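The following exercises concern a single protein chain. Please study the sequence and the three-dimensional view before reading the solutions.

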Amino acid sequence: MEYYTIGQFSKLVGKSIQTLRLWDKEDKLKPHHTSQGGHRYYSQQQVLQATKQPIPSRKRKTIGYCRAPSIKQKDSLELQVELVKTYMIAKGYSFDTITDVGSAIDFNKKGLVQLMNMVAEYEVDRIVVLYKDRLARFGYELIENLCSKHGTEIEVIDQTEVVNEQELVEDLIQILEEFNGILHGKPANKAKKLIKELLENDSGEK
């Protein structure tokens with residue numbers, strides 16, 4: 001896909017560079033990506049968006065997205081894929097599947113990044129997941145909003161709220177490790193212990 005610098009994009013859409021920078025700041029039109037040097041780059045799709053031209057018709061896909069928190073749960077992931085595929089076949093969808101291994105709060109997983117890039121390029125008609133937290137535990141609404149803006153529907157097979165305490169503990173530990181330096185001087189391992197004890201007490205375990 002071809003990308004344009006902010007100067008090139010400015011000429012193509014008939015807007016000043018200052019206006020484009022303001023749109024970026026106000027989240028009205030974000031660049032497709034920004035280089036490490038801070039240079040903004042825009043896609044052809046954004047040219048069409050900014051000039052109100054229709055997006056070219058293309059065959060958009062249904063993507064079944066499946067995630068396991070760790071490689072240890074390979075069997076669980078395989079079962080999840082089988083269930084999601086069976087559902088999509090029953091619905092008559094033409095689909096591909098994307099699998100991931102990693103925490104529900106990690107937004108840099110390879111599969112999730114691939115999926116979001118496809119959504120941004122208007123390649124995905126719908127995303128099918130077994131449970132909401134297979135897509136994301138926190139920030140689900142942000143992903144849902146992004147998908148909505150690109151005409152992508154998220155279809156959750158089972159709306160039941162499922163809480164895997166071990167996975168939740170691991171996610172909370174990861175958050176603590178990320179913010180280790182902001183815990184008011186408390187060592188991260190002490191905070192981890194406190195969280196585990198709270199969860200154990202809540203579940204009636206000793």
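A residue is called buried under 20% relative accessible area, exposed over 50%, and partly exposed in between (1.4 Å probe, protein chains only). The model is predicted, so that local features need pLDDT of at least 70 and side-chain atom pairs count only at pLDDT 80 or more, while totals for chains, interfaces and linings use all residues. Residues are numbered from 1 along each chain as its sequence is written, and side-chain values use heavy atoms, with hydrogens and water left out.

**Exercise 1. Describe the surroundings of Lys15.**

Step 1. Locate the residue: Lys15 lies in the loop between helix 1 and helix 2. Helices here are DSSP runs of H or I with at least four residues, strands are runs of E with at least two, and both are numbered from the N terminus.

Step 2. Classify its accessibility. Lys15 has a relative accessible area of 35% and is therefore partly exposed.

Step 3. List its contacts, a contact meaning heavy atoms within 4.5 Å. When neighbours within four places in sequence are left aside, Lys15 touches Ser10, Leu20 and Trp23.

Step 4. Compare sequence and space: Lys15 and Ala50 are 35 residues apart in sequence, and their C-alpha atoms are 9.2 Å apart.

**Exercise 2. Determine how helix 1 and helix 2 pack.**

Step 1. Axes are lines fitted to C-alpha atoms, for helices over the stretch in contact, and angles run from 0 to 180 degrees between N-to-C directions.

Step 2. Helix 1 is therefore roughly perpendicular to helix 2. Under the convention used, 65 to 115 degrees counts as roughly perpendicular, under 35 as roughly parallel, over 145 as roughly antiparallel and the rest as oblique.

Step 3. Ile6, Gly7, Phe9, Ser10 and Val13 of helix 1 meet Ile17, Leu20 and Arg21 of helix 2.

**Exercise 3. Work out how the strands pair.**

Step 1. Two strands pair if DSSP finds at least two bridges between them. Strand 1 (residues 3-5) and strand 3 (residues 40-43) are antiparallel, with three bridges; Tyr4 stands opposite Tyr42 in strand 3.

Step 2. Strand 2 (residues 33-34) and strand 3 are also antiparallel, with two bridges. Thr34 has Arg40 in strand 3 as its bridge partner.

Step 3. Strand 2 and strand 3 form a hairpin with five residues between them, and Gly38 in the turn has a positive phi of about 90 degrees.
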